Structures are given as structure tokens and as C-alpha cells.
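Hello,

Here is the structure for you to look over. My notes follow below it.

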Amino acid sequence: MAERDDTENYVSEYEPLQPRVDGASPRPMAAICDPSKLAHRVVVLVFMCFLGFGSYFCYDGPAALQVQVRQDMQLTTSGFMQLYAWYSWPNVILCFFGGFILDRVFGVRLGTVIFSLFVCIGQVIFAAGALWNAFWLMELGRFVFGIGGESLAVAQNTYAVSWFKGKELNLVFGLQLSMARLGSTVNMNIMGWVYGRMESLLGSAGHVTLGVSLMIAGVTCVFSLVCALILAFLDRRAERILNKEQGKTGEVIKLTDVKDFSLSLWLIFIICVAYYVAVFPFIGLGQVFFIEKFNFTPTQARAVNSIVYIISAPASPLLGFLVDKTGKNIVWVLCAVASTLTAHIMLAFTFWNPWIAMCLLGVSYSLLACALWPMVAFLVPEHQLGTAYGFMQSIQNLGLALIAMAAGGILDSSGYLFLEVFFCACVCLALIGVVTLYFVDYVRGGDLNLSASARAKLLKNKTDSEEKTRQKDGKLSPLRPLSAFGLRNRYLSRLGAQLPGHFSSHRSSLGHRSVLK
């Protein structure tokens, strides 16, 4: 009754209704208009999923048009890869402070709109650089685009935590991940066709055709900006109806926490960087590789190059569920890294159908994200999660920026074979890191490689011990706030990581932290 009274009061105050003939109170809102109802949250979820669609669509625009960008702008491969490096540079810093900016400076509603504007403006500058044949302007556009891209992912997942809770949140993150992968996949497979249509309309290829094609791609960013504005309105409306607080990321960033990081955590950082620098730069350069080595048509090359993203959309939640149920995170990471090394060896030294290797790479990529990222939560206390994940993402972007430039230089000077050997070496470094992590964790008696049942038992014993200690001291068990953002928000939208089960259950018990935004 209290919920109904609040809703009716709001309807009376903000959405006046005609008095009923019988003198009764106004009818409650329809479920689709009531922010406390599932039907309304489904509507919000639709806009939430499309919020990052434009960013992910345009991120791999250079990879989808690799041949055209190099030809029309007269670039070397090294120059082409600068477009990816310039995206990563701002995120070496912003990964630490994106959550702080949303919490303390703009608020999530205004922050989401501002970051969406950065994405739109960055894409427009990028396209304008092509139109005016000014590559330095294209680089500036990618830099501005990068400022908004990663921070928009933070905002997107902050919305998710605020509007959904419990088991719903797991599904929402999975849907957001799938939409992100859909954006990348559609871009990979449609931008070549768009360029071809513009070439037919304008009468020739060239930097003007490229610029127009990139400007058309920017329409998806405008669409995401519209979703950000609608979300801000719906969130503000829900705040007034439900008297709830504006959502926050919950991140706590303290750079001094770095000195407390364990050897196991540093090994996870090394694995993360060494692995992902052999995946994302390869996809960025993959189209020409498949054309030159396997005699694929551009359409076939774009299709096989996008299969990693296609597979990761459905595979990430399924593999995450598998890892959650079995545990043994280090073993799963070892399998993922070894499979990725096998895929790169197949691509480098054989002429087998590349669909086999790329499908294997897609499954491995999804599996590693599900098993690697949650391990950070097993190694650091809650108050250091924001710092640990921020540092992990920061050095990942630093590695991607440096390796993107290195990969372009290697390809220009030595060709694709030596580039693949270089990527194999990076994966081997990750493999050494995984093996070292296994033995370090074993010697120190860690729980990174425990089975799910053993980890649950360990957690239960620890919780019982803490409860007995509090009772012995005559203290009530305090309800400590847990950031639902801590494990999932910034990283799952791009990487597909799954939340460890004990964090999910703890979080769902703290309804006030993950209620509607």
C-alpha cells in the first residue's frame, strides 16, 4: 500500500489526472510507466544497451576500413595503427578517475551525456580529418573519442547497477556485453558496403569518400547520445517517484594501495597485458592479413576478422557460468592462453582454413575474461578493488598503445609472418605468467585455483569465524557497504568478465546499494 500511495501521490503532483466521477483517488500508473515495475525497467534496459552501441560500432571503424584508410590517406601500417594508439592514451589516466568524475563531479546522468558528446565529437573530428585529408585531425578525433569511450562504459554499467539488482544484474550485464559485441560485429561487416555505396555515388574512391563513410558511421554515436538523454530523463523521473539517490560507481581510488599489491596480483597484470596485446592489435590488422595470405575477398576477410566478437557475445555468459560452477580459475586461464597460442601458431605457420583458428581465438578470448578478471577480487580487500581494477585497465591501455605502434612498425619492415611470431611471443609471456602464478598461489596456500565448492566452504568458515569474534566482543555484525560496481561495471561491458558467486550473493543482500537508479 505504501508503494501505491507514493506512486499515486507522484501522479497527482507531476502528472495530473482528471478527477474520477466516483470521487476515488486517481488510478495508479501503468506498469510500463512505473519505475518500480519490471516492464518499465525493461524499457530502460533497451536504452541502456544502446547507450554504448555507437562507441563500440565506431571503435573498430579503422579495422573495418583498413585497406581504404591506408590507401586514401596514403599511410604506412605504423601510421594506421596510431589511430588505435591515440584511443588508448587518454585511458591510461582516465581508467583511474572515470568513476570519481561520475560520482563527485558531474553525477552519472550529466556525466553520461558529456561522455556521449565526447564520443560524438571525436567521431565527427575523425571523419572531418578524412574529408580534409588531414591525418593529424583524424588522430585528434581518436584521442577525443577515447576520452569518452571508456568512461561511457563506466557510466553505462553504473546505470545497470542502479536500476537492477540480484540475479537481474547478471542478465543485464550479459545483455550489455552482447550489444557491445553486436556493435563491433555490425561495424566490421557493414562499413565496407557503406564505403562502396559512397564510392558509387561520388564517382570515385578517395579521402572524401572515406570521410563521408565515417561521418555516416557517426550517426550511431548520435543515436547513443539520444539514448543518454532519454536515460537521464527516465532516471531523474524515477528519482522523484521513488525518492532514491542518484547512482554512483562506488569506486575508491587510492594510488598508495599499489604498494600493498601482492606478487600474485602483479602476475595477473602481466598476464592481462601480454594476452590482450596479442588480440586487439591483431584484429585491427587482420583484414589485410586474411586477404594477402588466404586470398580472401574483402567481404570474407571482414567476416572472419569479426568472428571473435560474434563468438564472445553468447560464449561469455555461458563460460562465466562454467567457471563460477567449477572454480579452478588458474586452470581455465591456462587453457585460454594455451588455446590462443595454438590459434596464432595456426595462423602463422599453416594454411589451414583460418575460420578454425579464429573460432578458437574467440572462445579462448571469452574464457580468459571470465576466469582472469574475477581473480583480482580474491586477492585484494574490497576497499582496494577500485584501485586494483583501475591500475589493471590502465596498464592494459598503456600496453595496447605501445604494442599497436610496435605492431605497425614490425608489419611495415618485416611482414605478417614476423608480426605473428611477435604475437606468439606475447602470448608465451602470458603463458609463463600463468604457470608462475599457479606455483606462487600453490606455495602461498592461496585460493585462486580452488574448486567452487572448496571456495564456498572457505568463505563460509571465514564468515562464521568473523561472526563468532564479533559476538565474543559484544558487537553486532555491521552491514558493510559493498560496491556492486567494484567487480563488474567498467570491465564487463568491454571484456565479458563474470562476477564471483559469493560477491553476487553478498551484493544482492544490500538492496539499498543496487536499487533502481
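What does the accessible surface of the protein chain come to, and what share belongs to carbon and sulfur atoms? About 21500 Å², with 66% belonging to those atoms (Shrake-Rupley method, 1.4 Å probe; for residues, only the protein chains shown count as cover).

Ground rules. This is a predicted model: local features need pLDDT of at least 70, side-chain atom pairs count only at pLDDT 80 or more, and totals for chains, interfaces and linings use all residues. Residues are numbered from 1 along each chain as its sequence is written, and side-chain values use heavy atoms, without hydrogens and water.

Overall picture. The protein chain has 24 helices and zero strands (DSSP runs numbered from the N terminus: H or I, at least four residues; E, at least two). Of its 517 residues, 57% count as buried (under 20% relative accessible area; exposed is over 50%, partly exposed in between; 1.4 Å probe, protein chains only).

Helix pair. The axes of helix 8 (residues 108–131) and helix 12 (residues 219–242) come within 9 Å. They cross at roughly 175° (lines fitted to C-alpha atoms over the stretch in contact; angles run from 0 to 180 degrees between N-to-C directions). Helix 8 is therefore roughly antiparallel to helix 12 (over 145 degrees). Contacts (heavy atoms within 4.5 Å) involve residues including Arg109 and Gln123 in helix 8, and Cys221 and Glu239 in helix 12.

Surface. Val443 sits in helix 21. Val443 counts as exposed because its relative accessibility is 69%.

Best wishes

Conventions
Parallel < 35°, antiparallel > 145°, perpendicular 65-115°, else oblique.
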